[in-house]
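I opened my notebook for a friendly look at one model.

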Amino acid sequence: MSPTPAMRGLFTEDTWMVDSAARADEAPQHLKQVSRIKHFILQKYLPAWERILGSQNRLLCYFDCYAGPGIYEFHGEIVDGSPIIAVRAAQEYLTKAKGHQMTLILVEKNGKQRASLETELKKMQPYQQGLHIHVMAEDVTEFVPKLLGEVPNLAPSFFMVDPYGHPLTVPILNNILKRSQTEALINFMYYRINMDAGNPRVQHHLDEMFGNDEWHTQAFLREGGWRRERGFLEYFMSKIDARYKLPFRIRFDVEDGVARTRTKYYLIHASNHPKAVLLMKEVMWPLGDEEGLFDFSGETHGILISSSPRGEELKEVLLREYEGTENEFDWLREATWDLPFIEKHYRAVIKQLKKDGRATITPVSSKKTGLKGRDRVRFLPSRRRSAG
Ligand SMILES: C[S@@+](CC[C@H](N)C(=O)[O-])C[C@H]1O[C@@H](n2cnc3c(N)ncnc32)[C@H](O)[C@@H]1O
């Protein structure tokens, strides 16, 4: 699919930079709905992430690799950008977690963006005790590798990787993700990257992103449409060394003037802990449901979301994969983490299966009638089949 000139304009970094430079002195940059979604995710995810990891660790870190100006105009109002959202979450966390520390590293190479960010940060001072904020006037592609080289043992960290175009390179991302209890939310700007893949003049950006030129020989490049898109995404994710990679598809915004069925970018949450991926799924699902902007995929379990009622699909997968076995409720959720269902769906489906005589529940974490945590669930064969 070849992009229209209008689309190309959407993705040129120069257009963005001129735009941001011109506006920084005057009014906050305008933010589109599809960018606002990232902020909702952070607002919901970071407090829970801090609470969970903070229960075992006195120091946590948040890295905003492409911090931006700190505020935007959205629907005529001023709204927080990712670094300010992170600061608010950290302040809130530290009011309760006395004696704990949080370090926020906000990297922004553009002077005007940084000036705007600094202005917003000043409004939030004095900071809560234990909060340390560093605004780095650096190119993050140089700064992060240097930092990782100097800090062998990073405290549990969340990396926000939200560039206009290509993200941090795969080798840098993998260097981040090999640290224990470290995770990243990566903006994989599919449309831009896919466009560059077809343009020999800028293909070197992809060589840099992947850390080599193997991508040139991949089969997905000979495909078009959805097969190419899925192939490209899967290939990128296969290069990310993290146990859990959860992609959320974000379509074009009505303001982009591009068909809203097309993918603008993917937010990929990369982590190594099942609790992290399950928490992110809980955060993302309602946004997808309400806004209709996200798509989950359960393809690895052979389900196609649109074809049948959602509860039926979950029921089918659970019975097909776990009939005759007994497992903890949370284990089931972890084992099927890439299904497009959240905790309340599992609970409803399993309770219904119990009513239908296809499951038993042995309470462990719950009192009598609930279903959570370490409660044990056994899926029974259907009577008809066992009788025959
Ligand atoms: C999409 S904006 C970030 C938005 C921000 N994450 C938010 O949600 O509020 C990308 C920012 O990254 C900055 N940037 C681009 N390349 C960079 C680099 N190599 N190092 C540091 N900052 C960079 C740009 O100046 C811009 O302000």
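I began with terms: two strands pair if DSSP finds at least two bridges between them. Strands (E, at least two residues) and helices (H or I, at least four) are DSSP runs, numbered from the N terminus. The model is predicted, so to speak of local features I need pLDDT of at least 70, and side-chain atom pairs count only at pLDDT 80 or more, while totals for chains, interfaces and linings use all residues. Residues are numbered from 1 along each chain as its sequence is written, and side-chain values use heavy atoms, with hydrogens and water left out.

**Entry 1, the sheet.** I looked up how S11 and strand S12 (residues 376–379) pair, and found the antiparallel sense over four bridges. Ile361 stands opposite Val377 in S12. The open sheet has three strands in the order S10-S12-S11. Strand S10 (326–328) and strand S11 (359–362) are at the edges with a single partner strand each, so one side of each lacks a neighbour in the sheet.

A polar side-chain atom of Gln113 is 2.8 Å from a ligand oxygen atom. For ligand nitrogen atoms, I found a side-chain N or O atom of Asp162 at 2.8 Å and a backbone N or O atom of Val140 at 2.9 Å.

Technical notes. Polar contact = N/O pair within 3.5 Å; in protein donor to acceptor, adjacent residues only side chain to side chain.
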